[in-house]
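Reader: I am new to reading structures and would like a close look at one part of this one. Please show me how the pieces are held against each other, step by step.

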Amino acid sequence: MFGDWHQLWVIISTPDNIPIVAMLLFVPFFTWLAFHNALANDRLIAQLEGDPQLARTHHRTTYPYNSRWERELHTNPFLMRKELLAALIITIILMVWALTLNAPLEEPANASVTMNPAKAPWYFLGLQEMLEYFDPWIAGVIVPTLIIVGLMAIPFIDANPLGNGYYTYKQRRHAIWTFLIGFEAIWLVLVSIGTFIRGPGFMWYWPTQTWDPDRVEFNVNRNLDQIFGVNGHWLAHILPAAWKPEAVIIARGLFGIIPMVVYGIVAALFIHWICMRTDYSRKIYRKMSLVQTVTMYIFLITMLFLPVTIFLRLVFRIKYVWETPWFSI
Amino acid sequence: MADEGGESGSKPGFLDHIKKKTRELGAALTGKAREQAEDLKKPEETQLYRAIFRIKHDDEPRNRALSTLNNLFFHIHPAKVNRDATRYGYTWGMGGITFYLFIVLVFTGVLLMFYYHPTKVQAFRDILYLENDVPFGQLLRNMHRWAAHLMVMAVWLHMFRVFMSGSYKRPREFNWCIGVLLMVLTLLLSFTGYLLPDDQLGFWAVTVGTNMARATPLLGSQGPFGPQLGMNAYNDVRFGLLGGSIVDANALLRAYIWHCIAIPLIASVFMGVHFWRVRKDGGISGPSPVMLESETKV
Ligand code: HEM
């Protein structure tokens with residue numbers, strides 16, 4: 001049933017969901033703020049590029065400037081009073097929040113009564129959402145590890161020397177798009193789906209659709225090999241007799257390699273095409289060491305794999321692209 | 001006695017002498033008190049003040065700088081900072097806010113520890129006790145809970161600003177990595193705290209969370225190549241995390257110790273390194289003067 005606004009309100013007003021509701025306001029605001037600063041700097045950069053004489057003498061920031069001002073201020077009081085102010089504001093927000101909303105407390109822990117839905121705290125719902133698309137070892141272990149290592153790798157694979165310590169969009173287009181896709185379009189969207197869309201049984205409920213704990217979903221997901229009708233008949237002819245009973249499994253395992261390789265090539269070509277688009281990005285790309293390039297490709301290809309798989313699952317109901325007896329992707 | 005009394009009657013009286021002395025002393029004391037009351041208008045001249053602060057607090061540039069450098073807590077800052085770096089518009093104050101929230105959490109957390117026992121029998125009751133009987137207990141619990149959520153938000157926004165301002169670039173690559181670890185520690189702090197009330201919410205969240213650990217490749221009983229390496233429910237990583245094969249008393253104790261002792265300690269050390277490196281890498285990265293493409297050596 002749709003149009004159940006009460007249901008939506010229940011989800012939004014759950015005390016533990018307040019942070020993600022707040023994030024849905026904060027993140028756009030700070031994205032705007034960052035771009036507001038970046039575009040102002042970009043205009044200055046364009047102006048300086050067009051006027052080398054000016055570039056030689058300009059102070060090169062968009063902040064108010066006066067050549068008689070000292071470049072540096074005393075920490076006390078000019079920085080400390082701002083820190084004090086920030087601490088006061090946060091304290092007030094925290095106090096008001098703590099006075100108006102109580103921290104949730106459910107029934108005592110009981111292993112024989114399952115919570116439905118059983119959800120992780122909001123900041124882990126992205127990972128829990130990933131569990132819907134991948135086997136637990138990928139969603140729960142490989143993906144978090146790749147996120148952590150990938151984040152740590154950023155400074156070492158971003159070979160672009162421009163935009164160090166100031167906001168800019170024009171000089172760092174690729175880096176900024178990558179981060180926005182990773183952080184906002186994938187991570188925060190998954191967290192939001194996990195929070196607002198997933199209901200009892202972690203099933204998909206559109207906003208304003210009533211949660212129904214008795215709902216049963218018929219599992220119509222198929223593997224890619226089933227769609228292509230891979231049944232191992234051909235393979236059975238060439239395999240040694242002892243392996244014949246396994247023909248279907250072997251055929252599936254081998255078949256799955258094809259879409260993975262095709263995806264890898266297409267994604268790599270796409271990334272390569274993006275890297276070659278402007279003169280400047282071409283120069284940086286050529287400057288990168290082999291290790292840098294390979295690492296960048298591995299992480300970008302993997303990152304893009306997530307939305308592709310999610311799309312395949314949600315739209316085409318495909319469960320596994322590649323199924324083997326040991327692991328399935 | 002009587003003799004002496006007679007003598008004092010004839011000479012200038014002993015009593016008069018005392019009266020005179022007293023009057024003199026009184027005048028001297030009043031004068032001194034008045035003088036010292038005057039001095040109190042300049043507290044920074046007192047010995048007590050100097051003993052505590054060591055320097056004058058006046059508008060002398062030297063003393064302004066010393067007020068930062070001579071204080072254990074403030075000397076985390078340099079004496080002077082780039083004039084535009086103090087703008088909220090550049091850092092959004094997010095790193096500082098994260099740190100402040102951490103302090104709030106330590107403070108409220110220690111207070112909560114006075115009322116909490118990490119045992120299956122008492123944990124849930126302690127929360128009820130806090131909410132219903134302890135003065136300001138509910139407020140305390142709320143503040144700890146919401147500050148934890150705020151800290152997660154602030155960490156993400158801090159990372160977002162560091163990325164958008166390109167502050168992870170040379171020479172700050174390493175500090176970015178320390179930051180990533182701090183973010184992970186922040187999430188782990190939040191997550192280990194989730195189990196402590198020992199209610200359904202925490203129990204099932206931790207059950208879902210640690211079930212994933214079962215699937216760890218090589219080290220989990222249901223992970224790829226785990227069983228082949230001899231992993232089962234009683235010796236895999238999940239068992240190690242929970243101190244058992246189910247979320248129970250041992251898991252509660254482990255979560256408690258990770259949450260209240262181990263992770264805060266580790267996070268404090270990393271924060272120390274993080275702040276140290278901010279200074280060693282030349283202070284806050286910007287706002288730096290913009291560079292042009294023609295000025296790069298690419
Ligand atoms: C517990 C978590 C953290 C605390 C308390 C913290 C605190 C701070 C503080 C106070 C600063 C000074 C500048 C500012 O306020 O923006 C700073 C700078 C910095 N932080 Fe963090 N941080 C944390 C997590 C992170 C994370 C998650 C990252 C990135 C992944 C990170 C990367 C950096 C970098 C690279 C700088 C230098 C920025 C510059 O020079 O402009 N930090 N941090």
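Author: Over all chains of this predicted model, a search of the whole structure finds 11 salt bridges. One of them joins the side chains of A:Lys170 and A:Glu49, at 3.4 Å from N to O. Look at where the two partners sit. A:Lys170 is in the loop between helix H7 (136–157) and H8 of chain A, while A:Glu49 belongs to helix H2 of chain A, so the pair ties together parts that are 121 residues apart in sequence.

Now follow H2 and H8 of chain A themselves. Helix H2 spans residues 18–50 and helix H8 spans residues 173–197; their axes come within 11 Å and cross at roughly 165°. Angles over 145 degrees count as roughly antiparallel, and therefore H2(A) and H8(A) are roughly antiparallel to each other. Their crossing is left-handed. On the H2(A) side, the contact is made by A:Ile20, A:Val21, A:Leu24, A:Val27, A:Thr31 and A:Phe35. H8(A) brings A:Ile176, A:Leu180, A:Glu184, A:Leu188, A:Val191, A:Ser192, A:Thr195 and A:Phe196. Sorted by class, the residues of this contact are 10 nonpolar, 3 polar and 1 charged.

Next, step across to the other chain. Chain A puts 107 residues into the contact and chain B puts in 95 residues. Between them the two chains bury about 9600 Å², with 71% of it on carbon and sulfur atoms. Salt bridges between chain A and chain B number 3. Find A:Asp16 and B:Arg145: their side chains meet in a salt bridge of 2.7 Å, N to O.

Helices meet across the two chains as well. Take H7(A) and helix H9 (residues 173–195) of chain B, whose axes come within 8 Å and cross at roughly 165°. H7(A) and H9(B) are therefore roughly antiparallel to each other. This crossing is right-handed. From H7(A), A:Ile148, A:Leu151, A:Met152, A:Ile154, A:Pro155 and A:Phe156 take part. They meet B:Glu173, B:Trp176, B:Cys177, B:Val180, B:Leu181, B:Met183 and B:Val184 in H9(B). The contact of H7(A) with H9(B) has 12 nonpolar, no polar and 1 charged residues.

Another pair crosses the chains: helix H5 (residues 80–100) of chain A and helix H8 (residues 137–164) of chain B. Their axes come within 8 Å and cross at roughly 125°. That angle makes H5(A) oblique to H8(B). H5(A) passes H8(B) in a right-handed crossing. A:Leu94, A:Met95, A:Trp97, A:Ala98 and A:Leu99 are the H5(A) residues of the contact. By class, the contact of H5(A) with H8(B) divides into 10 nonpolar, 2 polar and no charged residues.

Finish with the backbone. The peptide bond from A:Asn76 to A:Pro77 is cis, with omega near 10°. A:Pro77 is in helix H4 (residues 75–78) of chain A. In chain B, a cis peptide bond joins B:Arg170 and B:Pro171, with omega about 5°. B:Pro171 lies in the loop between H8 and H9 of chain B. B:Trp92 has a phi near 60°, a positive value in a residue other than glycine. Look for B:Trp92 in the loop between helix H5 (88–91) and helix H6 (94–113) of chain B.

How values were computed. Residues are numbered from 1 along each chain as its sequence is written. Chains are lettered from A and ligands numbered from 1 in the order in which they are written. This is a predicted model: local features need pLDDT of at least 70, side-chain atom pairs count only at pLDDT 80 or more; totals for chains, interfaces and linings use all residues. Side-chain values use heavy atoms; hydrogens and water are left out. Axes are lines fitted to C-alpha atoms, for helices over the stretch in contact, and angles run from 0 to 180 degrees between N-to-C directions. Helices (H or I, at least four residues) and strands (E, at least two) are DSSP runs, numbered from the N terminus. Angles under 35 degrees count as roughly parallel, over 145 as roughly antiparallel, 65 to 115 as roughly perpendicular and the rest as oblique. A crossing is left-handed if the near helix is turned anticlockwise from the far one by less than a right angle, and right-handed if clockwise. Contact means heavy atoms within 4.5 Å. Ala, Val, Leu, Ile, Met, Phe, Trp, Tyr, Cys and Pro count as nonpolar, Asp, Glu, Lys and Arg as charged, and the others, Gly among them, as polar. Buried area is the accessible area (1.4 Å probe) that two parts lose on being put together, summed over both. A salt bridge is a side-chain nitrogen of Lys or Arg within 4 Å of a carboxyl oxygen of Asp or Glu.
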